[in-house]
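Trainee: I would like to learn how to read a model like this one. Could we walk through a few features together?

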Amino acid sequence: MENKLRQLKDRSLQEICQADTLEALESIRVKYLGKKGELTAILKQMGSLSPEERPVMGQLANQVREALTEALESSRKALAEKALEKKLEDEREDVTLPGRPFTVGHTHPLTKVISEAKEIFIGMGFTIAEGPEVELADYNFTRLNTAAGHPARDRQDTFYFDDDDQVLLRTQTSPVQVRVMETQPLPIRIISPGRVYRKDEVDATHSPMFHQIEGLVVDEGITFGDLKGTLNELVWRLYGPETKTRFRPHHFPFTEPSCEVDIQCFECHGAGCRVCKGEGWIELLGAGMVHPKVLDGCGIDTEKYSGFAFGVGAERMAMFRFGISDLRLLFENDARFLEQF
Ligand code: DAH
């Protein structure tokens with residue numbers, strides 16, 4: 001038995017020395033000191049010893065157990081310490097690593113052209129005016145010489161808030177003209193960018209919400225020549241001085257005479273293509289000399305003053321500016337699209 005105990009001691013201490021994880025250490029403990037362990041098994045045989053041998057062996061067995069327990073404990077401490085050191089080492093921050101780059105957004109193409117247009121007009125002495133998107137039919141239509149019953153006021157086309165068709169989401173930025181003429185002293189030179197709303201189904205060229213930039217100039221001696229000069233300046237600054245414009249007669253209730261302004265197709269330069277539907281020209285805006293009835297309705301002396309006004313579709317402006325063929329791309333906010341501008 002003495003031999004067995006000594007061998008067990010040597011063997012177990014050697015195993016403990018070699019154990020390199022806490023788990024390995026635990027299984028060594030179980031192997032020798034557990035209920036079914038080897039040392040426990042030897043101790044169970046004590047009964048068969050002579051009364052003289054028993055205390056001697058008992059003492060030896062106790063020494064072996066103590067030695068084993070001690071070795072296990074100090075090895076456990078050493079391994080735990082090593083594990084902690086490794087963890088700290090692994091988690092150490094490398095302050096010399098270069099930082100992770102993060103993406104910076106930029107201005108939406110629509111906002112970009114609106115800002116460009118603002119800059120151009122401010123350079124020509126205009127100021128920026130604002131008006132409400134929830135508007136009175138009176139400002140959106142009536143005072144723009146568009147009386148009740150006019151087809152533009154149809155419920156099919158306009159978002160009304162009430163049954164009497166008095167309050168609506170503005171269908172154009174033109175009501176800002178009336179609000180400005182009512183409140184600002186003459187002469188007037190303003191633009192007013194903003195959202196407008198119409199009951200349109202979404203497709204490549206329509207959206208129930210889009211943007212316009214309204215313009216209004218009222219002063220003594222304003223002529224159609226001023227209108228042409230101002231709008232040509234806008235087009236040339238936006239699209240380059242070689243861009244050709246075409247002023248085409250049209251009708252708007254609040255201007256007389258009225259026109260639409262086309263620019264030569266940016267794609268085919270007038271030859272006719274898919275983008276301009278074979279026309280060679282693309283419509284950019286509506287404009288005209290402010291109707292005397294509109295001026296008069298705002299208390300402006302039409303003998304002394306005249307003016308011109310215009311309304312540009314901002315989405316169209318952006319589409320021509322950046323060669324975008326589908327309006328929906330501007331509203332979907334897909335970063336893969338927006339990153340290109
Ligand atoms: N409000 C018009 C529209 O939405 C555009 C327009 C045309 C505005 C002529 C004007 C103008 O100020 O004089 O179609």
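**Reading exposure, the ligand shell and a helix**

Mentor: Gladly! At 68% relative accessibility, lysine 277 counts as exposed, because exposed means over 50% relative accessible area, buried under 20%, and partly exposed in between (1.4 Å probe, protein chains only). This is a predicted model, where local features need pLDDT of at least 70, side-chain atom pairs count only at pLDDT 80 or more, and totals for chains, interfaces and linings use all residues. Residues are numbered from 1 along each chain as its sequence is written, and side-chain values use heavy atoms, with hydrogens and water left out.

Trainee: Where does lysine 277 lie?

Mentor: Lysine 277 sits in the loop between strand 7 and strand 8; helices (H or I, at least four residues) and strands (E, at least two) are DSSP runs, numbered from the N terminus. Its phi is near 55°, a positive value in a residue other than glycine.

Trainee: Is threonine 158 buried or exposed?

Mentor: Threonine 158 counts as buried because its relative accessibility is 1%. A contact means heavy atoms within 4.5 Å. Leaving out residues up to four places away in sequence, threonine 158 touches Phe141, Ala152, Arg153, Leu168, Leu169, Thr171 and Lys199.

Trainee: Which residues come nearest to the ligand?

Mentor: A residue is near a molecule if one of its heavy atoms lies within 4 Å of it. Of the 15 residues around the ligand, Gln172, Gln177, Arg198, Gln212 and Glu214 come nearest. Strand 5 (209–220), strand 8 (281–290) and strand 9 (305–313) each supply at least two residues of that shell.

Trainee: How does the span of helix 8 compare with what it should be?

Mentor: The expected span is 1.5 Å times one less than the number of residues. Helix 8 (residues 224–239) has 16 residues and should span 22 Å, which agrees with its end C-alpha atoms being 22 Å apart. Just after helix 8, glycine 240 takes a positive phi of about 105°.
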